[in-house]
Amino acid sequence: MARLVANAQIHGYTVGQKKRFQVLSTIYFSTCKFLFLCWFIVGALLFKLPLFAQAPASYLPTTNKKAAEALERSTKFYNEKNFEKASQFADEALRHDSTLAEAYFRKGQLYEVFTQPDLALQSYRKTVELKPDAPQFALAYQRLIEHQLREGDYAQAKNDLEHYITFLKPNSIAQKRAQRQLQTCIYGAKAILNPLVIHPEELSDTVNQFILQYFPALTGDGETLLFTGLKPENDEDLFICTYKNGRWSSPVSVSDKINTADNEGTGTLSADGRTLVFTACNRREGYGSCDLYISHKVGEEWEKPKNLGIVVNSPYWESQPALSPDGQLLYFISDRPGGVGGRDIWYTTLQSNGEWEKAKNLDKTINTPFDEASPFLYANGRTLFFASEGHEGLGGYDLFFADSTATGWQNPQNIGYPINTSDNQVALVITADGKYGYYSLDAKRVGNQRVSRLYRFRLPDELTKRFNTANYLRGVVTDVRTKKPIQANIELMNLTTGKRVQLLSSDATTGNYLTTLPNGSEWGLYVSAKGYFYKSLSFDYSQKNNAEGYQLDIALEPLQREAYGVLSNIYFETGKAELQEKSRTELNKLIEQLRSQSTLRIEITGHTDDVGDAKQNQLLSQKRAQSVVDYLVESGVAKERIKAVGMGEAKPIVPNISDENRQLNRRIEWRIW
């Protein structure tokens with residue numbers, strides 16, 4: 001896989017540029033002559049011996065007098081920044097002595113000044129071939145190693161590193177960096193021997209209409225694609241495509257309320273596509289160079305975006321946001337003080353009062369002393385994908401993922417080769433079902449202009465098995481009688497732990513909702529709205545491996561006499577009436593409903609299937625209904641407001657002809673009386 005878009009070309013772009021000057025990082029920095037000279041000054045401080053240009057006058061690199069004189073004059077002109085003359089005399093020195101390593105080294109320096117990196121590398125290679133153990137040529141090794149790591153030539157890089165590292169001062173920054181590079185060589189060579197099989201496919205030209213398009217984001221159903229596009233006038237905007245009839249539509253501006261004449265980009269969507277957080281730079285109301293903004297969609301219209309405020313933003317740089325499926329948790333990148341490294345992953349949570357809490361730094365398990373980038377929270381709500389320079393990888397930015405657990409974050413895992421390569425990889429998003437990954441890829445050039453396209457690839461099974469995939473559930477919430485759409489609160493609860501893992505709402509205009517249901521747990525979904533009895537749904541995905549999408553419309557019953565429904569998350573052992581622990585979530589929701597409606601009176605009715613004796617079934621259903629009533633009374637609900645009724649097998653809702661149907665008939669119902 002070729003390099004992914006990691007940094008923008010122009011200052012102020014939302015993906016950002018390096019703010020720290022990395023003088024030793026890449027051969028192309030040498031286009032600036034002043035920085036090039038600074039590089040040598042720093043280099044001289046890191047190595048055991050001075051550079052040959054600063055060697056004592058008695059030092060003679062060659063016995064050929066004419067070659068030595070030409071090299072001396074080349075050094076003089078080089079120090080005077082007369083690079084043309086310096087090059088001429090370096091060439092003259094080589095004509096007199098073709099084995100003069102110092103002259104090849106000088107030519108390497110000059111080719112960098114002249115922005116001819118390939119010739120510079122050839123000169124540096126000749127230098128170390130002639131004098132492989134000369135400490136004064138450590139910087140030649142350094143340049144060669146950096147190039148080899150970028151190209152994924154781990155074997156040659158390892159060989160050069162074993163020479164280079166002996167020249168460095170113990171415990172110096174340069175030595176520690178070289179040791180990390182050596183580990184990269186070892187890891188990279190091993191990863192290449194165990195590749196994943198992927199086949200990247202470029203999205204159609206209907207999507208890829210810009211010179212640069214990058215940082216994709218998806219809704220939970222995978223049918224809406226958001227990305228950042230660079231327009232010809234060098235303006236970043238956010239664009240939306242939709243997937244219909246097997247193809248993506250042409251991109252359109254996400255909204256005139258969001259895109260402006262300034263730069264907007266690196267956006268993230270909640271699973272339902274109705275909450276958008278994005279980056280905007282150089283705004284008057286901003287707190288730093290780039291800030292995070294939020295907007296909500298009602299019907300088909302986006303609200304005017306709001307700055308997330310000083311509790312999230314800072315006087316520094318914020319970008320690359322990632323929302324949780326329900327839009328309640330936000331990860332992002334910032335270079336503010338107080339982190340582990342330069343650019344770290346930070347996070348904030350939406351509080352019950354609608355305000356975001358003060359941003360916190362993600363712990364050192366994820367963040368490193370180096371840079372992190374492009375967090376993406378997968379649809380299961382606990383697997384975080386991100387890019388990092390600091391964890392063990394193949395060089396540059398690699399993609400990693402880690403799971404959040406009750407005790408903290410697990411150690412990050414490298415996503416593997418060839419998704420990761422020696423180039424930079426960032427901004428990967430994965431569909432909720434775990435089938436496809438989307439990313440931006442630098443694969444073409446138009447003249448000297450870098451071009452990026454959006455691609456997708458099918459995730460290999462061996463990768464998908466390393467995290468829990470998720471299903472999506474969508475539909476419309478309506479009034480059961482009027483059929484009109486309702487804005488309802490939707491809670492996803494883990495029935496095993498009793499904890500809420502998602503909180504969202506249906507659209508106020510259309511009633512539409514979309515949420516994700518991860519595999520690996522039993523879920524209770526609770527839908528509630530003012531003036532209606534809540535509805536509960538049950539999803540046992542504890543043993544589920546594959547992921548699918550479901551359409552489920554939900555009709556709520558108004559709070560009036562004879563309204564009724566099923567309490568879907570009440571559980572008993574077979575043939576017994578004692579409530580199981582995982583029933584508490586449903587029971588507490590029922591208590592909450594009764595407390596909010598102090599005059600509400602309900603009947604709790606038990607039902608069974610037709611297996612066994614009818615009289616015993618009626619008795620069992622009565623005991624089960626009474627167990628629910630007893631729990632409510634013990635929790636403070638007045639006993640005159642509730643009563644228990646057992647119907648046994650008398651009123652099935654489906655024929656008792658299969659295990660699935662019998663399970664539906666074994667139920668606890670509520671009815672207002």
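1. A charge is taken to sit over a ring when NZ of Lys or CZ of Arg is within 6 Å of the ring centre and within 35 degrees of the ring normal. In this predicted model, R283 meets that description: its charged end sits over the ring of Y293, 5.3 Å from the ring centre. A further case involves R180, whose charged end is placed over the ring of F370, 3.9 Å from the centre of that ring.

2. Aromatic pairing deserves attention in this structure. The count of aromatic pairs comes to 27. One of them joins F105 and F137, with ring centres 5.4 Å apart and planes at 45°, so the pair is tilted. F105 belongs to helix 4 (residues 101-113), while F137 lies in the loop between helix 5 (117-130) and helix 6 (138-151); the pair therefore ties together parts that are 32 residues apart in sequence.

3. Buried means under 20% relative accessible area. F105 counts as buried because its relative accessibility is 1%, and F137 is buried with a relative accessible area of 0%.

4. A tilted aromatic pair is also formed by F385 and F401, with 5.4 Å from centre to centre and 35° between the planes. This pair links distant parts of the chain, with F385 in strand 17 (residues 383-388) and F401 in strand 18 (residues 398-405), 16 residues apart. Both F385 and F401 are buried. They also take part in a cluster linked by ring pairs, which comprises F376, Y378, F385, F401 and F467.

5. Helix 3 (residues 83-96) has 14 residues, and the distance from its first C-alpha to its last is 20 Å, close to the 20 Å expected at 1.5 Å a residue. Its buried residues include F83, A86, S87, F89, A90, A93 and L94. As background, an α-helix has 3.6 residues a turn, so residues three or four places apart point the same way. Within the buried set of helix 3, A86, A90 and A93 may be inspected with that in mind.

6. On the surface, Y287, I310 and V311 form a nonpolar patch, with about 250 Å² of accessible area together. Y287 is found in the loop between strand 8 (275-281) and strand 9 (290-298). Is Y287 buried, exposed or partly exposed? With a relative accessible area of 38%, Y287 is partly exposed, since that class lies between the buried limit of 20% and the exposed limit of 50%.

Key
Residues are numbered from 1 along each chain as its sequence is written. This is a predicted model: local features need pLDDT of at least 70, side-chain atom pairs count only at pLDDT 80 or more; totals for chains, interfaces and linings use all residues. Side-chain values use heavy atoms; hydrogens and water are left out. Patches are made of residues with over 30% relative accessible area and no salt bridge: like charges are joined within 9 Å, nonpolar side chains (Val, Leu, Ile, Met, Phe, Trp, Tyr) within 5 Å. Accessible areas come from the Shrake-Rupley method with a 1.4 Å probe; for residues, only the protein chains shown count as cover. A salt bridge is a side-chain nitrogen of Lys or Arg within 4 Å of a carboxyl oxygen of Asp or Glu. Helices (H or I, at least four residues) and strands (E, at least two) are DSSP runs, numbered from the N terminus. Buried means under 20% relative accessible area, exposed over 50%, partly exposed in between (1.4 Å probe, protein chains only). Rings of Phe, Tyr and Trp (its six-membered ring) pair if their centres lie within 6.5 Å; planes under 30 degrees apart count as stacked, over 60 as edge-to-face and the rest as tilted. The expected span of a helix is 1.5 Å times one less than its number of residues.
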